[in-house]
Amino acid sequence: MRDEIIAPVKPRDACGVCGGFATGQDMAFLTCFALYALQHRGQESAGIAAGTGGGKKMWVKRGMGLVSEVFPDSAELKKIKCNLAIGHVRYSYGSEGRSPENTQPLRLRYRHGELATAHNGHLLNSRSLRLELEEGGAIFQTDTDSELLAHLVARQGSINLEEALAAVVPRLKGAYAFVVTDGRKVIGMRDGYGFRPLSLGKLDGGYFLSSETCAFDTIGAEFVRDVLPGEMVVLDEQGVRSLRVTGAEQESLCIFEYIYFARPDSNLQGKNVHLVRRELGRRLAREHPVKADIVSGVPDSSIAAASGFAEEARLPYEMSLVKNRYIGRTFIKPTQQMREEGVDLKLNAVQKIVEGKRVVLVDDSIVRGTTSLKLIRIMRRAGAKEVHLRISSPPVSGSCHYGIDIPNPVDLIANKHDLEEIRKMTCADSLGYLSMAETVAAVGLPSGNLCQACFTGDYPLRPEE
Ligand code: SF4
């Protein structure tokens, strides 16, 4: 996933969650490794809460930065004796500010002990729930939906976390994958629409939950199944059990997970992300063929689609753009003059490859259009004769209410300009977007089971006014 420096206008995911219960495992250590696998879902902060499983005081560490910065010595985590842990990587969304107090997992103390909570997604009724709690005297320390959930749970009389959550969940409206622990068990929940992913894996001695299956491979867990929309999964010393706590709505897994967010080695609903992206590229080549010499993808998320395009078009796939992986998140941004001259520290074109060539450049999406313009300028500066821009998804025309940070609709290029105008503005020789029907067909799931709202405007769940 490209970061803010090269792609300030790409949609960004709003977090990854994981957590498990397994006897005889170093759960804090394993959770840290799972967080490394989920790092692409959020790079602003990371954290782990771990407990023995007996409900005693939990160990919690969280901080701003990458997993490697918050946990520089992961071997130290082996010393923490724990049978359970939950973890979180974060990218802030909407009203949830980018500040240290919003790092997760949050730990709160209440009358029955401790609670640690972390989530991916966005509650649409968070404002009204928060107001209601504040009117009742609640004091919030963060802007997060995780804290809101903890307050709602603490207000339930039951010491039993499952019972308390089961009473609270029907009140939550929105998109979420939560992981929660009281130091005795770990509970994972998905909203009734299943907007955000969550999968269950088997570990030696227990079970593990993760936003993406790639984390299971990293920690030696075996994929069991995806958590169902509206399902609550409880992991404790007895193993795993499942409860349905909210009505199952029309399943609406975010289609952008396949296009851009998820890691290529993850499987969502049984569909491998890399293979879906390659199929997106194949279909794109059929829908928008063009006479060209080579095909290239924008690193990293568009390489699979570009390889599918090349295969279908019977053109050579070439690496035209090289990404510098060693530029940190905090390096000094180029000056306006450098930007205007097309200087880019993050990406460069391979001149010997593109010089004099007609290049098909495949990217996964266009949001504001400024990134596409910059990429095409880089290619032209390196001597490309023609640059044909091909996008492996439809035009993004709406924002997301479900936890993905997409700019306001007025800032989306597809809302302001038609195809020919966008082509001119990005300096492409030709431009083609994959249609919605072909995008859905490439995923291979029924259209009704995928949220496509930022492309179609058909929102499964409307936000509060
Ligand atoms: S609106 Fe777009 S980004 Fe948001 S969940 Fe739906 S498909 Fe995903």
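The paragraphs below lead through this predicted model from its domains to its core, selected helices and strands, the ligand shell and some backbone features. Because the model is predicted, local features are taken only where pLDDT is at least 70 and side-chain atom pairs count only at pLDDT 80 or more, whereas totals for chains, interfaces and linings use all residues. Residues are numbered from 1 along each chain as its sequence is written.

The domain assignment of the protein chain gives domain 1 (16-249) and domain 2 (275-443), with bounds that come from an automatic or database domain assignment. The C-alpha centres of domain 1 and domain 2 lie 35 Å apart, and the contact between them takes 9 residues from domain 1 and 5 residues from domain 2, two residues being in contact if their C-beta atoms, placed from the backbone, lie within 7 Å. On the side of domain 1 that touches domain 2, β6 gives the most, with 3 residues; helices (H or I, at least four residues) and strands (E, at least two) are DSSP runs numbered from the N terminus. The residues on this side of domain 1 divide into 4 nonpolar, 4 polar and 1 charged, where Ala, Val, Leu, Ile, Met, Phe, Trp, Tyr, Cys and Pro count as nonpolar, Asp, Glu, Lys and Arg as charged, and the others, Gly among them, as polar.

In soluble globular proteins, nonpolar side chains tend to be buried together. Here the largest nonpolar core has 140 residues, and those with the most contacts inside it are Leu165, Val295, Phe309 and Met379. Helix α1 (residues 27-37) gives the most to this core, with 9 residues, and the core draws at least three residues from each of domain 1 (16-249) and domain 2 (275-443). A nonpolar core is a set of buried Ala, Val, Leu, Ile, Met, Phe, Trp, Tyr and Cys residues joined through C-beta atoms within 7 Å, and a residue is buried if 20 or more other C-beta atoms lie within 10 Å of its own, exposed if 12 or fewer, and partly exposed in between, with C-beta atoms placed from the backbone.

By that criterion α1 is mostly covered, with 10 of its 11 residues buried, among them Phe29, Leu30, Phe33 and Leu35. Helix α4 (residues 145-154) is largely enclosed by the rest of the structure, because 9 of its 10 residues are buried. The buried residues of α4 include Asp145, Glu147 and His151 as well as Leu148, Leu149 and Leu152, and the buried residues of this helix pack against β5 (106-110), β6 (113-123), α3 (126-135), α5 (161-168) and β7 (174-181).

Val295, one of the core residues named above, belongs to strand β17 (residues 294-297), from which Ile294 and Ser296 point one way and Val295 and Gly297 the other way, all of them buried. Strand β17 runs parallel to strand β20 (residues 358-363), to which 4 bridges join it, and strands are said to pair if DSSP finds at least two bridges between them. Within this pairing, Gly297 stands opposite Val362 in β20. Leaving aside its neighbours within four places in sequence, Phe309 is in contact with residues including Val295, Val360, Val362 and Arg390. Elsewhere, strand β12 (residues 231-236) and strand β13 (residues 239-244) pair in the antiparallel sense over 6 bridges; a hairpin joins them through 2 residues, and Leu243 in β13 is the bridge partner of Met232.

The ligand is surrounded by Phe195, Cys254, Ile255, Phe256, Cys400, Tyr402, Ile404, Cys451, Gln452, Ala453 and Cys454, a residue being near a molecule if its C-beta atom, placed from the backbone, lies within 6 Å of it. By class, this shell has 10 nonpolar, 1 polar and no charged residues.

Most residues other than glycine have a negative phi, and most peptide bonds are trans. The peptide bond from Gln104 to Pro105 is cis, with omega near 5°, and Pro105 has its place in the loop between β4 (84-90) and β5. Another cis peptide bond joins Pro299 and Asp300, with omega about -5°, and Asp300 is found in the loop between β17 and α9 (303-313). Gln269, in the loop between β15 (267-268) and β16 (271-272), has a positive phi near 50° and counts as partly exposed, with 17 C-beta neighbours inside 10 Å. Cys427 has a positive phi of about 65° although it is not a glycine; Cys427 is found in the loop between α14 (419-426) and β22 (430-433) and is partly exposed, with 16 other C-beta atoms within 10 Å.
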